[in-house]
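Here is a note to read alongside the structure. Please keep the sequence and the 3D view open while going through the points.

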Amino acid sequence: MAIKFNDDFLWGGAIAANQCEGAYLEDGKGLSIQDIMPNGVVGDISDEPLEENLKLIGIDFYHRYKEDIKLFAEMGFKTLRFSIAWSRIFPKGDEQEPNELGLQFYDDVIDECLKYGIEPLVTLSHYETPLHLAKTYDGWRSRKLIGFFENYCRVVFERYKDKVKYWLTFNEINAVIHFPLMGAGVYTPKSELTKQDVYQAAHHELVASALAVKIAHEIMPEAKVGCMVLGVVNYPMTPNPDDMIASMERDRDLMFFTDVQVRGKYPRYTKKLFRDLGVEIQMEPGDEELLKNTVDFISFSYYMSKCTAKDVSKYEKGRGNLTSGVKNPYLKESEWGWQIDPQGLRYICNYFYDRYEKPLFIVENGLGAIDELVEVNGEKTVIDDYRIKYLNDHLVELGKAIDDGVEVMGYTSWGCIDLVSASTAELKKRYGFIYVDRNNDGTGSLERYKKKSFHWYKEVIRTNGKSLKEE
């Protein structure tokens, strides 16, 4: 088949403030939860920021954004997904008045993007709840955070309303169930939380997301606001009906969040889910009405698929992005044990679109790998054919999904420039088209070098996907 992407398809890349900016206390910024998570979601938190926390410097995007955006423009980016660090705008999160220097920084980043014709795609909350809100209110367990988030949203919407057309509310909002601190700033250890605590925090985020959509549409009638979920395909391990039912139930872990944000209400199956878990969502007057403010499009991350079974103990466990399942014997793995499944992207696109008939946006997809910097013709680079193959194969399947009839707005490859991993807080796990000279021990010049994939992706964008190779 001939791979065909729409002429207005938004090609680009994605980054997050806490993983790339650094400057963690510069120009009035307050601490975020990421500043006390030196080992990522896999490790313990610290009492205060530790020097070994690579995110404190990141890749110094805060001071080098012009250089980096120029490189993105050289690749031909049509869009750049980035997040605003809430604690740059409101250092504690609960102040009334914003930090002007923080607002000005994002003005500068947005203006730099627009200079090259790159549309900003802005995430409002990307795993970086202000630390004060986590410690003082226990994060999104407290309903008060809805009001603080509303104040934050109004400020940034008013400030950037003439510059930003595309917005996302919460990054991977469904992650709150598995990782309450990273997903919702809940400071109480997960082991001490009940299911009631976690799902109530999720409810507060869902209400806040709907409120953000409502405010955005009032302030910026032409703007498009999307939800963002961690997208995982759940294959039944066998045709045994027990495994089929297990797969259906795992799917609902994901679809519950999209159902609420796209359809504007809790789906019928959550009645049984909550009953089985002993959860009773505390609704305040007006919540159900607010939830009717539904998103304009669905965005999601996709890295891998997994298998499910009624009895998972019978099978080898797979590793994965924040959640894991049963290992699929038909798939290869990345160096971090993530199972590589390009066809799963086609599958999940069709799954979402069949269910909702709303435009989709793939805002995270990529291969984390150990890259070796080498010299070719006098220039430092990385020969990352493995990354090119991963991305090529996924984009071919995305093209097939579009051919299936799925409406896709765009694609932003995750970590388009090397940055600090969210799950493990390391730098050796690299995703980018651009190599950043910084190592796990913090050493390095922070110089940028174009990988082989840089030139490959530039050609993909230039040809609007026609250079992709279908095997």
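**Notes on the model**

1. The whole structure holds seven cavities of 30 Å³ or more. On a 1 Å grid over the protein atoms alone, a cavity is a set of points where a 1.4 Å probe fits but cannot get out, while a pocket is an open set with protein on both sides within 12 Å along at least five of seven lines; lining residues have an atom within 4 Å of a point. Grid points are joined across faces, edges and corners, and a volume is the space filled by probe spheres set on the points.

2. This is a predicted model, in which local features need pLDDT of at least 70 and side-chain atom pairs count only at pLDDT 80 or more, whereas totals for chains, interfaces and linings use all residues. Residues are numbered from 1 along each chain as its sequence is written, and side-chain values use heavy atoms, with hydrogens and water left out.

3. The second largest cavity has about 100 Å³ of space. Its lining consists of 13 residues, and Ala17, Asn18, Gly22, Lys29 and Asp35 are the nearest to its centre. By class, three of the lining residues are nonpolar, four polar and six charged. Here Ala, Val, Leu, Ile, Met, Phe, Trp, Tyr, Cys and Pro count as nonpolar, Asp, Glu, Lys and Arg as charged, and the others, Gly among them, as polar.

4. The second largest pocket has a volume of about 470 Å³. Its lining has 19 residues, with Ile340, Pro342, Lys389, Asp393 and Glu471 closest to the centre. Helix α13 gives the most to this lining, eight residues. Helices (H or I, at least four residues) and strands (E, at least two) are DSSP runs, numbered from the N terminus.

5. Is Ser305 buried or exposed? Ser305 counts as buried because its relative accessibility is 1%; buried means under 20% relative accessible area, exposed over 50%, partly exposed in between (1.4 Å probe, protein chains only). Ser305 sits in strand β6, residues 297–308. Not counting residues up to four places away in sequence, Ser305 touches Val233, Tyr235, Leu331, Gln339 and Asp341, where contact means heavy atoms within 4.5 Å.

6. Asp287 belongs to helix α11, residues 287–290. Asp287 counts as buried because its relative accessibility is 0%. Leaving aside neighbours within four places in sequence, Asp287 is in contact with Arg143, His203, Val207 and Gln282.

7. Helix α8 covers residues 195–219. Of its 25 residues, 20 are buried, so α8 is mostly covered.

Definitions and conventions. Expected span 1.5 Å × (residues − 1).
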